[in-house]
2 protein chains.
Amino acid sequence: MGDVPPTHPRYASLMARKLLTEAASEGMLAESALIAHGRGEAFDYLLGERTCDAARKAIGEVAARLLSAERPIISVNGNTVALAGPQVLACAAVLNCPVEVNIYYRTPERMKALLSALELQREEAIILYPELSQQIVVVPILGASPDGRIPNLDGPRANCHSDGILSADVILVPLEDGDRCEALVGMGKTVCAIDLNPLSRTARKATITIVDELTRCLPLLIDDLRGGTRIPSEKWDNERNLHDMVSEMLRVLDDSS
Amino acid sequence: MGDVPPTHPRYASLMARKLLTEAASEGMLAESALIAHGRGEAFDYLLGERTCDAARKAIGEVAARLLSAERPIISVNGNTVALAGPQVLACAAVLNCPVEVNIYYRTPERMKALLSALELQREEAIILYPELSQQIVVVPILGASPDGRIPNLDGPRANCHSDGILSADVILVPLEDGDRCEALVGMGKTVCAIDLNPLSRTARKATITIVDELTRCLPLLIDDLRGGTRIPSEKWDNERNLHDMVSEMLRVLDDSS
């Protein structure tokens, strides 16, 4: 995998796999994480592995919501840290908000591995975004000592920080689980999800869903966030946006056959 | 996972994941195996997780080709053994043909793990198909000492048995890689593939492609094989069948949105 040249047509996809299999061997991922990634790959294939217009619109809307939030936060799981930890830290740096590790299959070992990985990724984030270095070094990384719970969720997956997810008004949750997405919406939060499956429960339940590949959309989101204050839409029609994404997939599938 | 009741709407899918993650922990799978399974899950989702009419037709055609073959063989990889080793042995028992382990990322450890797993799966196959027990115990399991090579393929992935894959006229290859599928077709063999992605290179290159989930289609194939001699179509139009499968996915995707 190390020999794949950046000009390879499937370079981004192969690099994502490399990052994930490395993370798996470092104990950062649950057993089902690689399977979930594969599902995403298939949907991305149906998008022609590019950011569609409807997704670009959702990215802009998510930037506007995060910029106008009082207490924004970014909730990350294992796949997000493995694929895009530095880019998440850059988003948090622009927003001056915390990143909270909040995983479905919570074990002390996985939490420790993910928190350490994020600390190390600060350096990589600074290399990618040197002009944000002062903010990147002070991004609070939460998750180690949760003192609150997301209501209407059973088990350790509900654990969170009271000064993090629990009190946030706008939450960016890449690659979220459907149950938790629903519980966060139920708390009255604006939930911004990133999910390649436009038919998933997460995609349908979130306030705004970016149907795009994580490592492709985060740099665009960072651009939008750095563009400064934007006004959120009076009425974002998420269902309509998801419908546009499905139409795009239908077009690609029809053209390929 | 052990607590999932068989009545759960996603029981089959969750059991498949369980079998694969167990196989991964036993060293039977390459790193990319779980990702590949996830891609399949997404395409199966687009099929409504059921065997479509076009797939049922392909299963019948594959049965006819295997039954009329002079030297049929079943080539298996890690995911196939993990998901459906016993059913593969039952197919081989009806056909009185060998099963050959032939993997892309060939290492001595993985080969050993897969060959041992298949030996143990004979017992499970006998429990599932007691009336085939006499044939199941004598199914030759090849792969340990390859003495031939598939032409036009580099590296250890080309290694095979001269009295197995090399001399077979009809080969059933569930979950095959595109390169190898093409090389086998290039050898003049009738290649029967099982692949959930109707747009994959394997699906397009194979002589007959069953676009269906492995554990769902094998019992149907076994039924057809046990039904006895069938006459293969004069001219099987695989492209047409794949087109019908894509149409089915378009329908499901359109209905879901």
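**Figure 1. Helices H3 and H9 of chain B cross with their axes within 9 Å of each other.** In this predicted model, H3(B) spans residues 53-67 and H9(B) spans residues 214-226, and their axes cross at roughly 50°. Because angles from 65 to 115 degrees count as roughly perpendicular and those under 35 degrees as roughly parallel, H3(B) is classed as oblique to H9(B). The contact draws on B:Arg56, B:Ile59, B:Gly60, B:Val62, B:Ala63, B:Leu66 and B:Leu67 from H3(B). From H9(B) it takes B:Cys217, B:Leu220, B:Leu221, B:Asp224 and B:Leu225. The crossing of H3(B) past H9(B) is right-handed.

**Figure 2. Helix H2 of chain A packs against helix H2 of chain B.** The axes lie 6 Å apart and the packing angle is about 55°. H2(A) is therefore oblique to H2(B). H2(A) passes H2(B) in a right-handed crossing. On the chain A side, the contact is made by A:Leu34, A:Ile35, A:His37, A:Gly38, A:Arg39, A:Glu41, A:Ala42, A:Phe43, A:Tyr45 and A:Leu46. On the chain B side, the contributing residues are B:Leu34, B:Ile35, B:His37, B:Gly38, B:Arg39, B:Glu41, B:Ala42, B:Phe43, B:Tyr45 and B:Leu46.

**Figure 3. Aromatic pairs, including one that joins the two H2 helices.** Three aromatic pairs are found over all chains of the structure. One of them is A:Phe43 with B:Tyr45, an edge-to-face pair with 6.5 Å centre to centre and 75° between the planes. A:Phe43 lies in H2 of chain A and B:Tyr45 in H2 of chain B, each helix covering residues 33-46, so this pair joins two chains. A:Phe43 has 3% relative accessibility and counts as buried, whereas B:Tyr45, with a relative accessible area of 32%, is partly exposed. A pair within chain B is formed by B:Tyr104 and B:Tyr105, whose ring centres are 5.0 Å apart. The planes of B:Tyr104 and B:Tyr105 stand at 65°, so this pair is also edge-to-face. B:Tyr104 is partly exposed, with a relative accessible area of 29%. B:Tyr105 counts as partly exposed too, at 49% relative accessibility.

**Figure 4. The open sheet of chain B consists of six strands with parallel pairing.** The strand order is S3-S2-S1-S6-S7-S8. S3 (141-142) and S8 (208-210) of chain B are the edge strands, each pairing on one side only. S7(B), residues 190-194, is joined to S8(B) by three bridges, and the two run parallel. S6(B), residues 170-174, pairs with S7(B) in the parallel sense over five bridges. B:Cys192 of S7(B) has B:Ile208 as its bridge partner in S8(B), and B:Leu172 stands opposite B:Cys192.

**Figure 5. Strand S7 of chain B is mostly covered.** Five of the five residues of S7(B) are buried. B:Thr190, B:Cys192 and B:Ile194 point one way from the strand, while B:Val191 and B:Ala193 point the other way. In a regular strand, side chains alternate between the two faces of the sheet.

**Figure 6. The open sheet of chain A, with helix H9 packed on it.** Six strands are arranged in the order S3-S2-S1-S6-S7-S8, with parallel pairing. The edge strands of chain A are S3 (141-142) and S8 (208-210), and each pairs on one side only. S2(A), residues 99-101, and S3(A) pair in the parallel sense over two bridges. Within this pairing, A:Glu100 stands opposite A:Leu142 in S3(A). H9(A), residues 214-226, touches S6 (170-174), S7 (190-194) and S8 of chain A. The direction of H9(A) makes about 130° with that of S7(A).

Figure 7. A:Glu49 lies in the loop between H2 and H3 (53-67) of chain A and is partly exposed, with a relative accessible area of 28%. B:Leu175 counts as partly exposed at 30% relative accessibility.

Notes. Residues are numbered from 1 along each chain as its sequence is written. Chains are lettered from A and ligands numbered from 1 in the order in which they are written. This is a predicted model: local features need pLDDT of at least 70, side-chain atom pairs count only at pLDDT 80 or more; totals for chains, interfaces and linings use all residues. Side-chain values use heavy atoms; hydrogens and water are left out. Two strands pair if DSSP finds at least two bridges between them. Helices (H or I, at least four residues) and strands (E, at least two) are DSSP runs, numbered from the N terminus. Rings of Phe, Tyr and Trp (its six-membered ring) pair if their centres lie within 6.5 Å; planes under 30 degrees apart count as stacked, over 60 as edge-to-face and the rest as tilted. Buried means under 20% relative accessible area, exposed over 50%, partly exposed in between (1.4 Å probe, protein chains only). Axes are lines fitted to C-alpha atoms, for helices over the stretch in contact, and angles run from 0 to 180 degrees between N-to-C directions. Angles under 35 degrees count as roughly parallel, over 145 as roughly antiparallel, 65 to 115 as roughly perpendicular and the rest as oblique. A crossing is left-handed if the near helix is turned anticlockwise from the far one by less than a right angle, and right-handed if clockwise. Contact means heavy atoms within 4.5 Å.
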